[in-house]
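Here is a short briefing on the complex shown below.

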Amino acid sequence: MEINEMLFLAIALTTVLSALIVALSKKIIYSAFALLLTLIGFAGLFIYLSADFLSMAQIMIYVGGILILILFGVLMTQRIYDPSQITAHNSIWVSLAGGIAMAAITGAVVWLNPWGKTLAKDFEYSTSRIGSELLTKYLLPFEVISVLLLAVLIGAVYLGRSREVHK
Amino acid sequence: MNNLESLQFFIPELFLTAGLLVTIIVELLLKKEQKVFTAYLAATVLLITIFFLIRQYAIEPAALFGGMVVIDPMAVFFKILTAVSTLIIVFFSIPSFRVKAEYYVLLLATTLGMMLMAQVNDLLMIILAMELVGLVSYVLAGYRRSDPKSGEASLKYILFGAASTGIMAFGFSYIYGLTGQTNLFEIQQALQSTQHNPVILFVAFVLIIAGLGYKIAMVPFHFWLPDVYEGAPTPVTAFFSVGPKAAGMAVLIRFIISIVAGVSADGQTFTANAPIHAQELLAVLAVLTMTLGNLSALQQKNIKRMMAYSSIAHAGYMLMALAVFTSQSVEAVMFYLVVYMFMNFGAFWVIHRMTPHLGSEEITAYTGLGYRAPLVAVAMGVFMFSLTGLPPLAGFIGKFYLFAAVIKAEWYILAVLGVLNSVVSLYYYAYVTKVMFLNRGDDESAVSISSYDTALLLVFLIPTLVLGVYWVPVISWATQSLHFFLG
Amino acid sequence: MIQLNTFLIISAIVFSTGIFTILYKKNVIGILMGVELILNSVNLNFISFAKYSDAQINGQMIAIFIMILAAAEAAIALAIILNIYRDRAMVDVTLIDEMKN
């Protein structure tokens, strides 16, 4: 086994195992930190898929943005120093049935392997291509998402604003 | 068409976006007591947008922005419908949201999203447009921040919404894996030219239907709806019940005529691209949707909850027509949405304006309303019977076209189940009318109604009555709009 | 060893874990984490198809937009959660249930 493949195996296992910890952990704060590992694992996997730009974006947006938001939410809403603070859960068997059903369906799809011939492309940098695509073919989605972010900004500020100021 | 050439067909959207930005800036310059001005500004923006849209009537189909969106008469129809519904909602909201300027900005943003949903032609644009509508809707549902019910509504909405969008995107990724394309018509070509494994297409179809079905409140993705409809402020509930639902129907139609099926040469029937039994699945879901909606509506005591389940049932009727895959059924759905807009807005307007007078949203609070506010009660009765589909009201004509499309395609069992459902729905709609007219309540003081309330009530009442006897202009407009972009 | 199916299996596992998380957790933020898992697996699918088929870069483009949407969704969700938390000091979805069926 090459070092390349060993590293890949390590990343893949980290990603999957930490995702399972996110799901099964009894404490929400542990889930949040396991999610950190999962997200970094995904960033590693993206490099193997010649998505260098996305790998960096993954770290900056997910780890630097979304995860911080989630952690902030956890810290705001939970008394984490209280050892009795264990999150309640729904029935594990029902949830497990749902998860396993999904796994069976997606597993069957992968097993059927209908994708046709796959190509073995070499690693190629994608950043410059993404940049030019964003301003040519993907110009409309780029503009639409800027309107979306503006609307989300207004909405989130409205909901988050403290009420005393506005009375 | 490239980006620069596409701009000339994109004037309504560009104007709406500019109007949105201007509204934000104007809002900052106004004093608190002047903020109702932003509502009028938003209404003006929508009115001019509708004017631009009407100029696109009967336009030649074309793909814009490198195939990201299309423009065709069907898109124009749905864009006008959603813009008009938002315009009505602006006037609907003015009495309750006088100083809430952000509210109107958010309404304009959702309108942009709904207009994009009407013309999507790429997997990415489907996700983006639906999220633009969705994300703003979550905020609107929780707009009354001090009301715990409103917060609960928005929380349930975002949890279901986020999960179903993720599932839908997962389905899209399989479609992309099979065909290597994201443009809907390039996907169609790839699916028609090579034989793909039907199992995986079926899995992808089911996953995608989960996302689309959530938007139009299809069973079993309807759980969020009763709580959201009850908890959200009534103008917002009325808004959710028509605009986003119509836009969701538009996306579903686009999805059916591109990925699921292809339109035959004569343009009348759609033939499936792959043997995945999409029609049967949609038909079963339609029957489940209307049956569950109607049976649950029977048990409701809160009138907003009853209307929520009734809106699930109506989504079922429209799905029933869509399941037969003919252009006639698409036409019927388009006509039904116009009719549904007036009667549903009318019912919600009565609920919205009467709740402060009656002190409760319970159906029993409407006891004796026929003696306290005769005009309002008569109008409510008309809306209820129109929703049931009794002649000579607009709802009857709408349902007639839906059932005609199903029967013409020889899906008799489906039609019979639909009619049975309509009979069930008569019970709970008629119950409201019975309570209003046949029973007398303890409080018999007359309810005072402002002239603004009456004016808006007539805006809903007159079309509901007129479209029941003279519906030719609307149906011919729908027929004219049955001109799809087909790759 | 590193082929298309390897990535698809990873993404299928994470996707199923995400569905399980949504069903299992009662904590609102826990459910949000499940949604993030699902969106990540979607991105992995799109990017691996872009790499291993003759498709162009569109898979990566979609992944970028989904990332931005996930961030926007998390922002709105957190705003809603904090708004509710100010009133009731709890984030258990089953307890946030004023409306009866």
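Helices here are DSSP runs of H or I with at least four residues, numbered from the N terminus. By that count, B:Pro392 falls in the loop between α16 (374–388) and α17 (394–408) of chain B. The model is predicted. The predictor assigns the complex an ipTM of 0.91 and a pTM of 0.93.

**Chain A**

- Chain A has seven helices and zero strands.
- Read from the N terminus, its elements run α-α-α-α-α-α-α.
- Chain A has 167 residues, and 35% of them count as buried.
- Among contacts in chain A with a separation of 6 or more, 55% link residues 24 or more positions apart.
- The average pLDDT of chain A is 84, and 88% of the residues score at least 70.
- Residues 80–85 of chain A have a pLDDT below 50. Beyond near neighbours in sequence, that stretch makes five contacts in the model.

**Chain C**

- Chain C has three helices and zero strands.
- Its elements run α-α-α from the N terminus on.
- Of its 101 residues, 73% count as buried.
- Take the contacts in chain C between residues at least 6 apart in sequence: 47% of them join residues at least 24 apart.
- Chain C has a mean pLDDT of 84, and 82% of its residues reach 70 or more.

**Where chain C meets chain A**

- This contact involves 60 residues of chain C and 67 residues of chain A.
- On the chain C side, the elements giving two or more residues are α1 (4–24), α2 (28–52) and α3 (58–88).
- The largest share of that side comes from α3(C), with 20 residues.
- Sorted by class, the chain C side holds 42 nonpolar, twelve polar and six charged residues.

**Where chain B meets chain A**

- Here 31 residues of chain B are in contact with 20 residues of chain A.
- Four helices of chain B each supply at least two residues of the side that touches chain A: α5 (101–117), α6 (123–141), α7 (148–179) and α9 (198–215).
- The largest share of this side, eight residues, belongs to α6(B).
- By class, the chain B side has 20 nonpolar, eight polar and three charged residues.

**The largest nonpolar core**

- In soluble globular proteins, nonpolar side chains tend to be buried together.
- The largest nonpolar core in this model has 296 residues.
- Which residues touch the most other members of this core? They are B:Met117, B:Leu132, C:Ile66 and C:Ile76.
- Helix α14 (residues 327–358) of chain B gives the most to this core, with 21 residues.
- Domain 1 (1–86) and domain 2 (127–167) of chain A both contribute residues, so the core lies between them.
- C:Ile76 touches residues of chain A and chain B. Leaving out residues up to four places away in sequence, its contacts are A:Val152, A:Gly155, A:Ala156, B:Leu135, B:Tyr138, B:Val139 and B:Ile158.

**Backbone points to check in chain B**

- Most residues other than glycine have a negative phi, and most peptide bonds are trans. The residues below depart from one of these patterns.
- The peptide bond from B:Val219 to B:Pro220 is cis, and its omega is near 5°. B:Pro220 sits in the loop between α9 and α10 (224–231) of chain B.
- B:Pro391 and B:Pro392 are also joined by a cis peptide bond, with omega about 0°.
- B:Ala217 is not a glycine, yet its phi is positive, near 60°. B:Ala217 is found in the loop between α9 and α10 of chain B.
- Is B:Ala217 buried or exposed? B:Ala217 counts as buried because it has 30 C-beta neighbours inside 10 Å, and the cut-off for buried is 20 or more.
- B:Glu410 is not a glycine either, and its phi is positive at about 65°. B:Glu410 is placed in the loop between α17 and α18 (412–437) of chain B.
- Why does B:Glu410 count as exposed? B:Glu410 has 9 C-beta neighbours inside 10 Å, and a residue is exposed at 12 or fewer.

Key: Residues are numbered from 1 along each chain as its sequence is written. Chains are lettered from A and ligands numbered from 1 in the order in which they are written. This is a predicted model: local features need pLDDT of at least 70, side-chain atom pairs count only at pLDDT 80 or more; totals for chains, interfaces and linings use all residues. Two residues are in contact if their C-beta atoms, placed from the backbone, lie within 7 Å. Ala, Val, Leu, Ile, Met, Phe, Trp, Tyr, Cys and Pro count as nonpolar, Asp, Glu, Lys and Arg as charged, and the others, Gly among them, as polar. pLDDT is the predictor's confidence in each residue, from 0 to 100. A nonpolar core is a set of buried Ala, Val, Leu, Ile, Met, Phe, Trp, Tyr and Cys residues joined through C-beta atoms within 7 Å. Domain bounds come from an automatic or database domain assignment.
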